[in-house]
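Keep the structure in view while reading.

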Protein chains: 2
Amino acid sequence: MDNALQFANEAFYNAFSARDAAAMEALWDREAPTSCLHPGWGPLFGYEAIVGSWRNLFASGTSPLISCKAPAASLYGDLGFIVCFEALPGGFLAATNAFIRRGALWKIVHHQAGPTEATPPTITGGNAAIN
Amino acid sequence: MDNALQFANEAFYNAFSARDAAAMEALWDREAPTSCLHPGWGPLFGYEAIVGSWRNLFASGTSPLISCKAPAASLYGDLGFIVCFEALPGGFLAATNAFIRRGALWKIVHHQAGPTEATPPTITGGNAAIN
């Protein structure tokens, strides 16, 4: 897995768990089209709507403690996807995070998470970079 | 919205509704990494696993009649996303379909759909090409 891509994905979940709105805002791309599909919500489009939703979620104090399991990266030139499980106190979600390359960094352009009845595979010795 | 991208997205939902496994197989990209997150399932990776899942869904006769509502396209060079609602007999899902440009065509590299409590906006005069 691309280390910088993996780092950006981990930074996303760190900001999510820490309810750190400033960190979350810095992770989203400000130039390219952006979309965010929170579980159960309708799609949100554009930087302002998306970072505003995270700000409100974090301010509400109801956003869950979350960690990323079994991240699998797919690279398409300057776009990269990470498909993963999200471990919550009550179970798992399945999620996709898409990133655009910005120099040495990757910025988020898309997030979607939804319920799954599956559980993450047990990975030993590293991440599941499938494909 | 890019017309060929819109056409590929419509072809996906036409194949889905018609339970046409051959059409579905032709729509997925065979070269690039591919991922598919059916509602409630764990992630599937790779052409064979993904087209096999569609073949099984269609053969089971339980895949729903479906139509795409309020598609919104985002372009990133040779990758394009369409975020949309999926109208089912029982309600709506929110979905993302990602495509890679292959000459004049676009092939699917990623699909994720999950439940939403939202409903598609009423669009008049065309599609919602947001961003």
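Start with how chain A is tied together along its sequence. Take the contacts in chain A between residues at least 6 apart in sequence: 51% of them join residues at least 24 apart. The model behind this figure is predicted. Of the 131 residues of chain A, 38% count as buried. The C-alpha trace of chain A spans about 35 × 35 × 25 Å along its principal axes.

Now the elements. Chain A holds three helices and six strands. Their sequence order is α-α-β-β-α-β-β-β-β. The radius of gyration of chain A is 14 Å, close to the 14 Å that the globule rule gives for 131 residues, so chain A is as compact as a globular protein of that length.

How are the six strands of chain A arranged? They form an open sheet in the order 2-1-6-5-4-3, and the pairing is mixed. Strand 2 (44-45) and strand 3 (67-76) of chain A are the edge strands, and each pairs on one side only.

One residue pair to find is A:Cys68 and A:Glu86: the latter, in strand 4 of chain A, is the bridge partner of the former.

A helix covers this part of the sheet. Helix 1 (residues 3-18) of chain A lies across strand 3, strand 4, strand 5 (91-102) and strand 6 (105-115) of chain A. Helix 1 of chain A runs at about 145° to strand 3 of chain A.

Turn to chain B. Its six strands form an open sheet with the order 2-1-6-5-4-3 and mixed pairing. Strand 2 (44-45) and strand 3 (67-76) of chain B stand at the edges; each has a single partner strand, so one side of each is left without a neighbour in the sheet. Further in, strand 4 (residues 79-88) and strand 5 (residues 91-102) of chain B run antiparallel and are joined by ten bridges. Within this pairing, B:Glu86 stands opposite B:Leu93 in strand 5 of chain B. Helix 1 (residues 3-18) of chain B packs on the sheet. This helix touches strand 3, strand 4, strand 5 and strand 6 (105-115) of chain B, and its direction makes about 145° with that of strand 3 of chain B.

Where do the two chains touch? The contact involves 30 residues of chain A and 30 residues of chain B. On the chain A side, strand 1 (35-37), strand 3, strand 4, strand 5 and strand 6 each supply at least two residues. Strand 6 of chain A gives the most, with four residues. By class, the side of chain A that touches chain B has 17 nonpolar, twelve polar and one charged residues.

How values were computed:
Residues numbered from 1 in each chain as written. Chains lettered and ligands numbered in written order. Predicted model: local features only at pLDDT ≥ 70, side-chain atom pairs only at ≥ 80, totals over all residues. Pairing = 2+ DSSP bridges. Contact = placed C-beta atoms within 7 Å. Axes fitted to C-alpha atoms, helices over the stretch in contact; angles between N-to-C directions. Nonpolar A, V, L, I, M, F, W, Y, C, P; charged D, E, K, R; others polar. Rg over C-alpha atoms; globule rule 2.2 N^0.38 Å. Buried ≥ 20, exposed ≤ 12 C-beta atoms within 10 Å, placed from the backbone.
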